[in-house]
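Please examine the structure shown here before reading the report.

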Amino acid sequence: MSNRIKFFKEALKNIKTLGTVTPSSRFLSKRMLKGVNFLKADVIVELGGGNGAITKYILENLSPNATLVCFEINDNFYTQLHALNHPQLIVLKASAENIIIELQKLNFTKVDYIISSLPLTIIPDEISDKILKKAFKILVNNGTFIQYQYSLSYFKKLKKVFKESISLEFEPLNIPPAFIYRCKKVE
Ligand SMILES: C[S@@+](CC[C@H](N)C(=O)[O-])C[C@H]1O[C@@H](n2cnc3c(N)ncnc32)[C@H](O)[C@@H]1O
């Protein structure tokens, strides 16, 4: 069974936590990572790894001494990510709202990039607010939070946390087409 069909089946069971029925295309995955300075990134976090559509591209580009920590709450996706069995990948079956505590357990106090495909609009407001604030806190100064969304409905919320340091891109070749927010932490 192809990854796309496996993802679709999982989405039918868990649409409230997946927020889509199809994994990110290579076009979206690559655009998400455009501008990531892999040479200078020691710790990268991925929120909502799914079946690894973006994870695989991050791993392909990761510096030899860098670590990717991936958060995923879905059992089947956690198993698939774990099966990638990459020495630089740590997969946590944990919610993004616990980002700080989970990273502290691994002795990481700061991260360089957070690559998120969380379905922010269907996560309850109080939880998504917490996730954004904690993501901001754990980023290094000048670190970047990268998020895609199929609409612009989350722009205002991101602005509250990241102020004016947000740039926007569009990927027309994804199904559905997606906006990408690049939110820089500037203190
Ligand atoms: C839209 S899918 C994206 C999957 C994959 N990254 C991609 O781009 O194809 C969102 C993913 O976020 C996961 N997710 C949802 N809420 C989460 C949370 N609070 N913490 C961690 N992962 C979460 C879902 O299980 C799902 O795998």
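The report below covers the ligand shell, helix packing and backbone geometry of this predicted model.

## Ligand surroundings

The ligand is surrounded by 24 residues, and the closest are Pro 23, Ser 24, Gly 48, Gly 50 and Ser 117. The shell comprises 12 nonpolar, 10 polar and two charged residues.

## Packing of α7 and α8

Two packed helices are described by the angle between their axes and the distance between the axes. For helix α7 (residues 125-138) and helix α8 (residues 155-162), the angle is about 35 degrees and the axes are 10 Å apart. The crossing of α7 and α8 is right-handed.

Leu 132, Lys 133 and Phe 136 are the residues of α7 that meet α8, where their partners are Lys 157, Leu 158, Val 161 and Phe 162.

## The buried side of α5

Helix α5 (residues 75-82) has Phe 77, Gln 80 and Leu 81 buried. These residues lie on the same side of α5 because they cover an arc of only 100 degrees around the axis. Among the elements that cover them are α1 (3-13), α4 (55-61), β2 (67-71) and β3 (89-92).

## Backbone geometry in loops

Most residues other than glycine have a negative phi, and most peptide bonds are trans. Asn 85, in the loop between α5 and β3, has a positive phi of about 50 degrees. Asn 85 is exposed, with 8 other C-beta atoms within 10 Å. Asn 107, in the loop between α6 (99-105) and β4 (111-116), has a positive phi near 70 degrees. Asn 107 is also exposed, with 6 C-beta neighbours inside 10 Å.

The peptide bond joining Ile 175 and Pro 176 is cis, with omega about -5 degrees. Pro 176 belongs to the loop between β6 (166-171) and β7 (178-184).

Definitions and conventions: Residues numbered from 1 in each chain as written. Predicted model: local features only at pLDDT ≥ 70, side-chain atom pairs only at ≥ 80, totals over all residues. Near = placed C-beta within 6 Å. Nonpolar A, V, L, I, M, F, W, Y, C, P; charged D, E, K, R; others polar. Axes fitted to C-alpha atoms, helices over the stretch in contact; angles between N-to-C directions. Helix = DSSP H or I, 4+ residues; strand = E, 2+ residues; numbered from the N terminus. Left-handed = near helix turned anticlockwise from the far one by under 90°. Contact = placed C-beta atoms within 7 Å. Buried ≥ 20, exposed ≤ 12 C-beta atoms within 10 Å, placed from the backbone. Arc of directions from axis to C-beta.
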